[in-house]
Amino acid sequence: MLSTTRTEMPRPKGFRARPKAVRVAVGVLATATSAALLAASAPQPAAPLGIGDRLFPHLGNPGYDVTSYDIAFTYRGDNSKPLDALTKINATVTAPLERVNLDFTHGEVRSVDVNGARADFTTAGEDLVVTPGAPVRAGERLRITVRHTSDPVSAKGDGGWVRTGDGLAMANQADVAHHVFPCNDHPADKAQFTFRVTAPKGLTAVANGLPLDRTRRADTTTWAYRTHHPMATELAQVSIGSSTVLHRTGPLGLPLRDVVPTKDRKVLEPWLKKTPGQMSWMEDKVGRYPFETYGVLVADARTGFELETQTLSLFEKALFTRADLPEWYVDAIMVHELAHQWFGNSVSPGTWSDLWLNEGHATWYEALYAEEKARQPMEKRMRYAYGLSDRWRAAGGPPAAPKGPKPGQKISIFRPVVYDGSALVLYALREEIGRPAFEALERAWVHTYRDGNATTADFVRLASDVAGRDLDGFFDGWLYGEKTPPMPGHPDWTTTAPGKKAAPAKK
């Protein structure tokens, strides 16, 4: 995610940001939680569980690992009314369960089947609690079918469905996919996805992955898409609207598709045609693009952010149509979301405290692209960030130990410290170990953990291996310290005490 209100990046002259709208391993935690539940001698009332994530303790669910979702939506042309939906979940049981908790809210549940038989269900907090006809055991396959509605209005801006000028799109970060469909809503449980979307004739539906099928009827069309790689729930995307899908070719023949409001096709084309070159630049830095397709989804909506939904990044139209934003700035934001396909999507965080690995890397390549393509010096930007770093740490915590979200504001974890504050950590690392080792580390990171999850500890360990020396001490201060450590190679850099204003970087 990249919020248009970030204060850490020097802004073009005259720029005014709008108010911000939005931006573990399961097995170990699941086993511990399930064991505690089963140890109780008497039946326990249905309750919200969670895998114990430090920032979102009640999200994610113990006792099973999802392998695939098959989700169907029926949209009737009115984005103020609930969609009919059917969610099928295939999972493997990892610990004995008398009940199965799913994350789900903002929809009406009509029925639930487990392994082909009707099951009882209730709600507890933001959980849908399902009771199968018989307890399930570790190692068993679990097939859950939920018939429900999906309400684009009741979330009231908390995330999930985004109402656009001509339909709907999704923005599920952080952990609000369960506002749209029942799921195990934590990035540690990635799975394959299939989407089937029925919409009135004349509208276009697009989702993550590649087209699977399209069935036309008298008044409706059903579109099907499937991912070829596992995906976190927060990265799911479904777009429905009066859209045109534009096709082009990326590096090594990669199919690219952009989804834009049909009426804006011509004005957006100068930006869309930049993607193949931006992708070639990223591949030169970190290696082959990790997915089956990529593209830009332009939404006619005021969101206040851009979002790296897997294979189809979400952008608000205003980013490309505002006259006050220079070309280099928009280009860099496009690269930010593209970089997330490697950092955050292919290599997903093990916990939400590892968010700095997503946003720090995306910001790093955003800044590096601006430096190489538009002569916007990385060093000046990092020196400016260094001056603010202590303030960011005081407000939001250090990069790898962020403070929790504000009550009712899950996106408040997307603070400056996880953007330029975390890119600053990568700059310090490059200064510490040298460019060749740093560039080798970046390639090794996305190769080693492709299609999986990784943690801060994994990054520290791999960095030490690549550098050929123990970097625990270096990372301890940069990732967990209340104060920003001295910048290697720049003893003259100083931080600004909290409450004071740092001088802006020169342009």
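Trainee: In which sense do β4 and strand β8 (residues 127-131) pair, and over how many bridges?

Mentor: This is a predicted model, in which local features need pLDDT of at least 70, side-chain atom pairs count only at pLDDT 80 or more, and totals for chains, interfaces and linings use all residues. Residues are numbered from 1 along each chain as its sequence is written, and side-chain values use heavy atoms, with hydrogens and water left out. Strands here are DSSP runs of E with at least two residues, helices being H or I runs of at least four, numbered from the N terminus, and two strands pair if DSSP finds at least two bridges between them. V100 of the one stands opposite V130 in β8, and the pairing of β4 with β8 is antiparallel, over 4 bridges.

Trainee: Which residues of strand β4 (residues 100-103) lie on each side, and are they buried or exposed?

Mentor: Buried means under 20% relative accessible area, exposed over 50%, and partly exposed in between, with a 1.4 Å probe and protein chains only. In a regular strand the side chains alternate between the two faces of the sheet. In β4, V100 and L102 are on one side and N101 and D103 on the other, and all are buried.

Trainee: Which strands stand at the edges of the open sheet?

Mentor: The sheet has 8 strands with mixed pairing, in the order β6-β5-β9-β3-β2-β12-β15-β14. Each edge strand has a single partner, so one side of it is left without a neighbour in the sheet, and these strands are β6 (117-118) and β14 (210-216).

Trainee: What is the bridge partner of K88 in β9?

Mentor: Strand β3 (residues 83-93) and strand β9 (residues 141-150) pair in the antiparallel sense over 10 bridges. In β9, the residue bridged to K88 is T145.
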